[in-house]
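Please read each one with the structure open beside it.

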Amino acid sequence: MQFNRLIVLAGAFVAAGCAAAASTTNVRPPLAATLTTGAKTGAPVPLRFDPTAKVIISSAANLPPASFLPSQADRGHQVYENTCGTCHQPGQLVGQGFVEAWNDRRVYDFYALVRSTMPLDNPGGMKEQEYLDVVAYLLQANHHTPPSRDSLKADTASLRSTKISVRFP
Ligand code: HEC
């Protein structure tokens, strides 16, 4: 079980958030900041991270693209509309910003980021399957390269050994 890695990762975010407050160097700009009006964002949460955090910058260009099924992405679309949509506009996480930030990264890195920070008002609070499905949806929406042989699974080894392969436009 690799859960302690996730905790390490979450810790890295907190530490990086403090570092980011002191200095604005090495800070990746957020993907898109147009939240829906009335979004409950609560206290500011440091999502910016130190790009030296290994789990995030791992370049994974030679890995094979992750596989998910269109039906899984459809379920993820529902999760996005029902849960993420209270704060994120439709399409907010689709396009150039996403592609620049995530193409050729390990799918695990994105999954771990979303799982440990989102929904902002309940981080980690969704079912594991819902996280996987919403990740599949975001990959599909960003024109992830096939194959679609199998669903995205909560199998850390396979999430780490496959990459996000998205493009824009
Ligand atoms: C309660 C409000 C809220 C909800 C619900 C929410 N988010 Fe967010 N999310 C935010 C805020 C605020 C940010 C930071 C905006 C920014 O600076 O780009 C953010 C940023 C993100 C980012 C970008 C992080 C980065 O790399 O900079 C991703 C990806 C994301 N959210 C995914 C999701 C997904 C997927 C869901 C649904 C499971 C979700 N969010 C639900 C408020 C929310």
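1. The buried residues of α3 are Gln72, Ala73, Gly76, Val79 and Tyr80, where a residue is buried if 20 or more other C-beta atoms lie within 10 Å of its own, exposed if 12 or fewer, and partly exposed in between, with C-beta atoms placed from the backbone. They cover an arc of only 105 degrees around the axis, which puts them on the same side of α3; the arc is that of the directions from the helix axis to the C-beta atoms. On the other side of α3, Pro70, Ser71 and Asn82 are exposed.

2. A word on the source: this is a predicted model, in which local features need pLDDT of at least 70 and side-chain atom pairs count only at pLDDT 80 or more, while totals for chains, interfaces and linings use all residues. Residues are numbered from 1 along each chain as its sequence is written.

3. The protein chain has 7 helices and 0 strands, helices (H or I, at least four residues) and strands (E, at least two) being DSSP runs numbered from the N terminus. Of its 169 residues, 30% count as buried. Among contacts between residues at least 6 apart in sequence, 84% join residues at least 24 apart, two residues being in contact if their C-beta atoms, placed from the backbone, lie within 7 Å.

4. For α3, the 13 residues should span 18 Å at 1.5 Å a residue, and the end C-alpha atoms are 19 Å apart, which agrees; the expected span is 1.5 Å times one less than the number of residues.

5. Against which helix do the buried residues of α3 pack? They pack against α6, and the axes of α3 (residues 70-82) and α6 (residues 128-141) come within 7 Å and cross at roughly 100 degrees. Axes here are lines fitted to C-alpha atoms, for helices over the stretch in contact, and angles run from 0 to 180 degrees between N-to-C directions. The two helices are therefore roughly perpendicular to each other, a term for angles of 65 to 115 degrees, with under 35 counted as roughly parallel, over 145 as roughly antiparallel and the rest as oblique.

6. Leucine 132 is found in α6 and is buried, with 26 other C-beta atoms within 10 Å. Leaving aside its neighbours within four places in sequence, leucine 132 is in contact with Leu152, Lys153 and Ala154. Leucine 132 and glycine 76 are 56 residues apart in sequence, yet 7.7 Å apart in space, C-alpha to C-alpha.

7. Helix α5 (residues 107-117) has 9 of its 11 residues buried, so it is largely enclosed by the rest of the structure; among these buried residues are Phe110, Tyr111 and Arg115.

8. Some backbone details deserve a look. A cis peptide bond joins methionine 118 and proline 119, with omega about -10 degrees, and proline 119 sits in the loop between α5 and α6. Another cis peptide bond joins phenylalanine 168 and proline 169, with omega about 0 degrees; proline 169 is found in the segment after α7 (156-160).

9. Aspartate 104, in the loop between α4 (96-102) and α5, has a positive phi of about 65 degrees although it is not a glycine. Histidine 143, in the loop between α6 and α7, has a positive phi of about 60 degrees and is likewise not a glycine.
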